[in-house]
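This report describes how the chains of the model meet one another, taking one interface at a time. The structure follows.

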Amino acid sequence: MSSSTNDVNVSYLDYKGKHSGLLGWILSVDHKRIGILYLISMMVFFTVGVTFGFLMRLELIAPGRTIVDPQTYNSFFTLHGIIMIFLFIIPGLPAVFGNFFLPIMIGAADVAFPRLNLLSWWLFIIGGLLAIISVFLPGGAPDTGWTFYIPYSVRTTTNVIPALIAAFILGFSSILTGLNFVVTVHRLRAPGMTFFKMPLFIWSLYSTAWIQVLATPIIGITLLLVVAERTLSVGIFDPALGGDPVLFQHLFWIYSHPAVYIMILPAMGVVSEIIPVFSQRTIFGYKFIAFSSLAIAFLGSLVWAHHMFTAGMSGVAMIVFSVLTFLVSIPSAIKVFNWVSTLYKGSILTDPPLLFALGFIFLFSIGGFTGLIQGALSVNLHIHDTSFIVAHFHYVMFGGTGFGIFAAMHYWWPKMFGRMYNKVVAKTGFWVLFVGFNLLYFPMFVMGWLGMPRRYYDYLPEFQIYHMLSTVGSWILITGLLIMFINLFNALKNGKKVTEENIWNGETLEWSTPTPPFLFNFKEAPTVESGPYEYKRNEVSETEVKEEKV
Amino acid sequence: MSTTSSAPGVETHIHRDDEGSRLGMWLFLFTELLLFGGMFLVYAVYKFTHAEEFHLAAKELNTLFGALNTIILLTSSLTMVLAIVAIKRGQKYLSLFFQLMTLAMALGFLVNKYFEWMAKISHGIYPGSEQLLEKSNGEILFFGLYYVMTGLHGLHIVIGMAVIAYMTWFTWKDKINQDQYVRLESAGLYWHLVDIIWIFLFPLFYLIS
Amino acid sequence: MSEHNTNDHKNHDHGYGHYILIWFALLILTGLTVAVAGIDFGNLTIITALAIASLKSFLVLKVFMHLEVEKRVFTVFVYTSLFFLTVSLILLFSDYSFLQG
């Protein structure tokens with residue numbers, strides 16, 4: 001923090017407002033500082049989540065007891081799930097990079113409701129801490145899995161209530177972010193920034209925000225009903241009081257399946273930003289990608305019951321939900337095809353952000369295709385609740401969203417902090433991560449297919465080879481994570497200073513702000529005249545540009 | 001993307017955008033709508049699977065209490081919207097009067113609700129009570145939903161009262177005035193939503209016997 | 001970021017009378033729904049009750065909540081959220097209405 005001044009034309013990192021020091025951060029209503037706050041807190045929770053995952057894998061390296069007892073193992077996977085989903089993947093892109101870049105990319109000075117934005121971070125922290133505290137309270141760590149299925153969640157004596165309330169508060173935080181983004185996109189676009197000139201990352205955030213606003217309250221009330229059931233013995237879902245546990249599953253998944261798209265859509269947006277920049281070409285099929293985000297948000301809200309094919313639903317419902325599940329793959333495939341077409345004949349620069357984006361496409365495709373396999377009813381009955389499912393959603397959520405987050409970090413890090421990381425180390429980190437990832441999760445497909453159930457503490461000896469490979473993979477993966485994060489955080493101190501506005505030759509608005517951005521983002525309020533990916537200087541061929549004229 | 005400067009720089013951090021504020025308020029209302037929507041889904045399923053028992057259980061509820069509360073809430077919605085008309089015309093004291101009327105009726109609603117609940121509880125019908133547990137599954141579910149849904153609705157009434165009281169204070173202090181009344185409008189929107197939820201709760205619980 | 005004149009949105013203000021009229025209609029509908037509830041239409045009873053409730057909500061949304069004077073986007077938003085809830089209800093009943101039988 002070199003210069004201390006109240007001048008607004010100063011980097012957001014150096015600006016001194018009413019408060020200074022730590023207070024200047026945790027009470028700041030600047031969207032960029034809030035984004036950084038989210039980044040730091042999310043990294044802390046991610047570390048905790050990875051630790052639980054690591055311990056789980058270590059326990060599973062051999063059959064029988066290895067390091068912990070079964071009850072502890074149950075809390076490990078419960079907390080691994082709750083933390084990774086509610087505290088890492090859901091806020092990962094919207095709250096960190098969305099907060100930081102959404103206003104900048106549409107040419108605004110901040111989000112529509114800056115104070116609400118800060119409140120949502122505070123709720124996030126309170127909810128996160130509550131989730132972690134629930135481990136240590138007397139009663140024991142929650143052991144229901146992150147799904148809180150009835151009737152076990154009203155029977156177990158562990159600390160389910162703090163975990164439920166934590167999830168409720170985190171949901172509220174997520175709602176506030178979504179609400180803020182919808183209003184910001186509608187009200188604060190710079191002059192000339194029409195909807196179809198918005199960068200695709202914004203389209204994906206906008207679609208995500210709608211799911212956050214509409215779907216989250218359903219899980220909010222469902223979790224509250226479970227709390228009421230536990231504390232006041234109100235009869236709602238508990239079969240002992242006449243309730244229907246399957247109805248709980250319906251309500252849980254009405255949110256939690258769309259939540260999967262809250263997680264993946266912004267990552268798709270990041271990839272849509274990175275691909276055109278690192279192939280120096282106009283994105284192929286801008287409108288298709290934009291509308292496919294909305295289509296995914298819409299269709300994604302209609303497929304929830306494919307999590308319940310073995311729960312005893314009616315045959316009609318099974319067929320309906322299976323068909324809808326197949327449909328949702330169409331807009332996802334449209335995106336993949338468009339990204340690949342953009343790369344075709346581009347002048348590709350294999351910088352770290354592109355590597356991570358390509359990693360996303362590769363791993364997400366595996367995750368997506370195996371998702372289709374599960375969407376088929378007959379196959380689903382065979383592999384339901386096996387580690388095939390675990391492999392599938394880790395390929396989508398970690399290989400997809402996780403790699404999307406890492407791609408975003410490498411893409412925007414220099415802009416956010418004005419420092420460049422070591423590119424060679426970053427690439428090494430990527431490859432270690434990539435190898436470790438596949439070694440960790442691919443064996444799960446195989447053993448799941450052979451009948452290894454998920455969430456089991458113990459297993460038959462014939463599965464040991466797969467578990468062993470998987471555990472070794474987790475070590476390689478963690479090594480990759482360490483290389484990547486140490487490289488990134490080391491850059492903050494020792495990295496080469498970046499002052500250039502546009503280091504990647506991007507065409508979106510964040511590359512025309514100072515590096516790091518000023519307090520109100522722009523030196524002068526921008527006016528927009530052309531679309532976000534119009535590489536006029538580096539045209540590959542004229543026909544493609546013509547196609548893309550908006 | 002080419003950018004040129006046209007506007008004379010970014011001067012203000014927080015600028016006034018009433019329409020944006022109302023849009024934000026509406027989005028918040030949707031979350032409230034879906035919060036209750038989730039419970040309406042539960043209600044719909046159990047009404048479908050336990051039709052006869054719901055029918056039977058609803059006979060325990062007093063339609064008169066429900067109808068009276070409906071009228072109270074509708075009228076309070078009217079006074080709320082009239083308070084906005086008044087403030088737009090600069091009639092501060094008339095607006096204050098309407099806001100206080102709204103608060104009084106909200107209180108009336110709660111008192112009414114209190115007596116209704118107390119009557120039920122004194123008859124031994126409350127969650128976990130022995131008398132309730134002896135009844136059929138459908139009746140247990142009906143009363144479970146009855147307490148949770150009207151209870152949560154009552155909580156919204158209390159929150160709404162706090163918000164309106166705050167607005168009354170602002171109006172008194174002229175922080176809400178003829179030119180700046182978006183906060184009063186937002187409070188009004190919230191209050192009308194609470195009214196709408198009651199419009200549905202009333203027939204679903206009181207009129208199905 | 002310039003001061004646009006979007007803050008004064010109501011160019012055609014409604015007076016007290018307009019709202020009182022709607023309130024009167026709401027009371028009549030309430031009376032109607034109570035009166036009709038006494039008659040046994042079988043399955044139609046709850047449908048009638050819900051239809052009247054929807055009509056009442058429509059009036060509150062349109063008039064009291066000012067959708068009649070707000071920009072179109074507000075109405076579109078309302079329908080979006082109602083649509084989401086309706087679709088969830090329909091899909092939920094694709095399970096419950098065909099269960100075993």
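## Chain B and its two partners

Where chain A meets chain B, the contact draws on 52 residues from chain A and 42 residues from chain B. The model is predicted, and every value in this report is computed from it. The area buried between chain A and chain B comes to about 3900 Å², with carbon and sulfur atoms giving 72% of that area. On the side of chain A, Arg187(A), Ile221(A) and Phe520(A) supply 15% of the area that chain A buries against chain B, which is more than any other three residues.

Arg187(A) also takes part in a salt bridge, its partner being Glu19(B), and the closest N and O atoms of this pair are 3.2 Å apart. The rule finds 2 salt bridges across the interface of chain A and chain B, together with 4 residue pairs in polar contact, counted where both residues have pLDDT 80 or more. Several elements of chain A, among them helix H6 (160–187), helix H7 (200–232), helix H8 (245–279) and strand S3 (526–528), each supply at least two residues of the side that touches chain B. Of the elements of chain A, H7(A) gives the most to this side, with 9 residues. Sorted by class, the side of chain A that touches chain B has 33 nonpolar, 11 polar and 8 charged residues.

Chain B also meets chain C, and this contact takes 49 residues from chain C and 52 residues from chain B. Between them, chain C and chain B bury about 4600 Å², and 75% of this lies on carbon and sulfur atoms. The count of salt bridges between chain C and chain B is 2, and one pair that forms a salt bridge is Glu70(C) with Arg22(B), whose closest N and O atoms are 2.5 Å apart. Across the interface of chain C and chain B there are 4 residue pairs in polar contact, again with both residues at pLDDT 80 or more. Helix H1 (16–37), helix H2 (44–64) and helix H3 (72–96) of chain C each supply at least two residues of the side that touches chain B, and the largest share of that side, 12 residues, comes from H3(C). By class, the side of chain C that touches chain B has 28 nonpolar, 15 polar and 6 charged residues.

| Salt bridge | Closest N and O atoms |
|---|---|
| Glu19(B) with Arg187(A) | 3.2 Å apart |
| Glu70(C) with Arg22(B) | 2.5 Å apart |

Note on methods:
Residues numbered from 1 in each chain as written. Chains lettered and ligands numbered in written order. Predicted model: local features only at pLDDT ≥ 70, side-chain atom pairs only at ≥ 80, totals over all residues. Heavy atoms only, no water. Contact = heavy atoms within 4.5 Å. Buried area = accessible area lost by both parts, 1.4 Å probe. Salt bridge = Lys/Arg side-chain N within 4 Å of Asp/Glu carboxyl O. Polar contact = N/O pair within 3.5 Å; in protein donor to acceptor, adjacent residues only side chain to side chain. Helix = DSSP H or I, 4+ residues; strand = E, 2+ residues; numbered from the N terminus. Nonpolar A, V, L, I, M, F, W, Y, C, P; charged D, E, K, R; others polar.
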